[in-house]
There are 2 protein chains.
Amino acid sequence: MVSAGPELRKDRLEGRWVIFAPERMNRPHDARVSPRPSPPRSCPFCPGNEGGTPPEIAALRARGSRPDGRCWRVRVIPNKFPAVRPDAGKFRSAADPSLIRPAKGIHEVVIDTPRHGREWPDLGAAAVRDVLRVCRDRVAAAERTAGIRHVQMFKNKGFQAGASLSHAHTQIIGLPLVPDDIRREALRSAREFRREGRCPVCRMLETERAEQSRWIAADRHFAVLAPFASRFPFQTRIYPLRHSASFSRSSEAELLSLAVLARSILARLKRSLDDPPYNIILRQPPRPAGPEASKSGHWSLEIVPVLAHIAGFELGTGMFINPVLPEEAARELRR
Amino acid sequence: MVSAGPELRKDRLEGRWVIFAPERMNRPHDARVSPRPSPPRSCPFCPGNEGGTPPEIAALRARGSRPDGRCWRVRVIPNKFPAVRPDAGKFRSAADPSLIRPAKGIHEVVIDTPRHGREWPDLGAAAVRDVLRVCRDRVAAAERTAGIRHVQMFKNKGFQAGASLSHAHTQIIGLPLVPDDIRREALRSAREFRREGRCPVCRMLETERAEQSRWIAADRHFAVLAPFASRFPFQTRIYPLRHSASFSRSSEAELLSLAVLARSILARLKRSLDDPPYNIILRQPPRPAGPEASKSGHWSLEIVPVLAHIAGFELGTGMFINPVLPEEAARELRR
């Protein structure tokens, strides 16, 4: 009766899909993450322990080194405890079939660095650019995969941000459907595009640059803002200044810029907020996008420090209470 | 430039309102909540410290005792650090006026008991019924207030569930707008009602009773289920068996039933999950509901133990990954 693989279920009235992944109950937890943790001997992401992970999918490695051996800088593996799986198949047959389907998809882990305990601000900009380059290529590969309707890249740093292992890593999930929130945002963007004749994010970036109060930093390629209606204190977004609907089309020069800006924001959050746990989230329209979504959608990289817990009000209403205005967060982070 | 009172802002592309409440930065935190905390001398919710709270709005008190004195069983006060306020007025003028408005509303705190450290399972059923009775009356009062479009009642127990004070309390927020998630659910319910000719929750309850696998308990008035598409492990909902769109119309007999069932579920969660933090959330259609919403909407009380952190994937997609099937949660909780 209970399915073997992960499955998707929809709440008919809330209209939301949920992923059921019973295998994830058995995930390891090294839990307490101290600022300078010593590598646990058993860390599966450390060099020398490559045999403890599923076989690697891709890596940046020293010339001549072998897959699943040492001498890598960035390494990509399938998630050992996946939320979605390429081979998800069986599922419960009792329920309304429109409300249930196999959780077919891709779930990869990018190990950012061989060095346990080092986060992006501790690595050089070129090393973070390397992580982003590997991520870009894996996101692109997921977007090209048959049956994948949306790709979500994200990073959980710290136990309270949802990380089950402290060794720095990034995750990529390819979903067989477009999440409701993403679809609605894409529809709103398309509507604004039709009304205004241009990308609403491009327009917003111009206004914010002129207004300045939520503007934190910029270079040739990107701008960093505290969003006008930030759901979380000190939430920031890094937007490409040129119109682009797709992170996976980023150039090498753009990736280096993104690495420099992301490291800089993370270092400022660390300084201002006492080294908080955080999430990094790629925000982009569903892929492969049609020509319209490519014009009206504009990707960004969001950084959210975890400073408060989501509570009953948020769960009940879907609305968030934020005690910090983005203008104040921007002022602090500009310093 | 920065507003004095709380304000609401909308993200144009996400379409979501956020409450900005800078006053909440100064909330007290007694943070570490141990299973049997000794009352901090300064607990503003303990008897003897009534002078440290804003003047009470309502209370169940001993005959002849005075407002804001001792000898109460349940006491209602305005939240000292409100998310919304009746007098919210000024707000930033620079932004598009359709995206910003004063956070006018009601934010009350119901102090569940004078006894510090006692939660619902530690109180008698009649004492919890008293809390629910006061809540019902305060929710009804909020629903009658001019300008209030939706009322959210909730309870945060434990620091990780968002409680800033450990003394047992429940909160009621009356909002000047209907949150998007609530509006969408009401629209879906109304659509199902038109298609099927009856309340979709009433129908679901029949199916679930027959199917049994997610059914946990029931009495004359209520049923307890693990929802088919539970977003969280061990999430449960208590539904009235008679069709009702509104918690505030509950009878005394129903409130006693609800108290008995809620206490029982909380006690089972405590036993099965090592005394977890939790949220209790009233789910109901927006009030005052029109005649249609009264037919198609069906309230419930949701209990969500806090077992995992919300991470990058959830923030990015709005979708949740749940490692526990509701059938397994129900089996455990039925024992």
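How many salt bridges are there between chain B and chain A? The count is 12, a salt bridge being a side-chain nitrogen of Lys or Arg within 4 Å of a carboxyl oxygen of Asp or Glu. This is a predicted model, in which local features need pLDDT of at least 70 and side-chain atom pairs count only at pLDDT 80 or more, while totals for chains, interfaces and linings use all residues. Residues are numbered from 1 along each chain as its sequence is written, chains are lettered from A in the order in which they are written, and side-chain values use heavy atoms, with hydrogens and water left out.

**Contact and buried area**
- 79 residues of chain B touch 79 residues of chain A, with contact meaning heavy atoms within 4.5 Å.
- About 7000 Å² is buried between the two chains, 63% of it on carbon and sulfur atoms; buried area is the accessible area (1.4 Å probe) that two parts lose on being put together, summed over both.
- On the chain B side, B:Leu13, B:Phe228 and B:Leu315 lose the most area to chain A, together 11% of what that side buries.

**Charged pairs and composition**
- One of the salt bridges links A:Arg283 to B:Glu14, with the closest N and O atoms 3.7 Å apart.
- The side of chain B that touches chain A consists of 42 nonpolar, 14 polar and 23 charged residues; Ala, Val, Leu, Ile, Met, Phe, Trp, Tyr, Cys and Pro count as nonpolar, Asp, Glu, Lys and Arg as charged, and the others, Gly among them, as polar.
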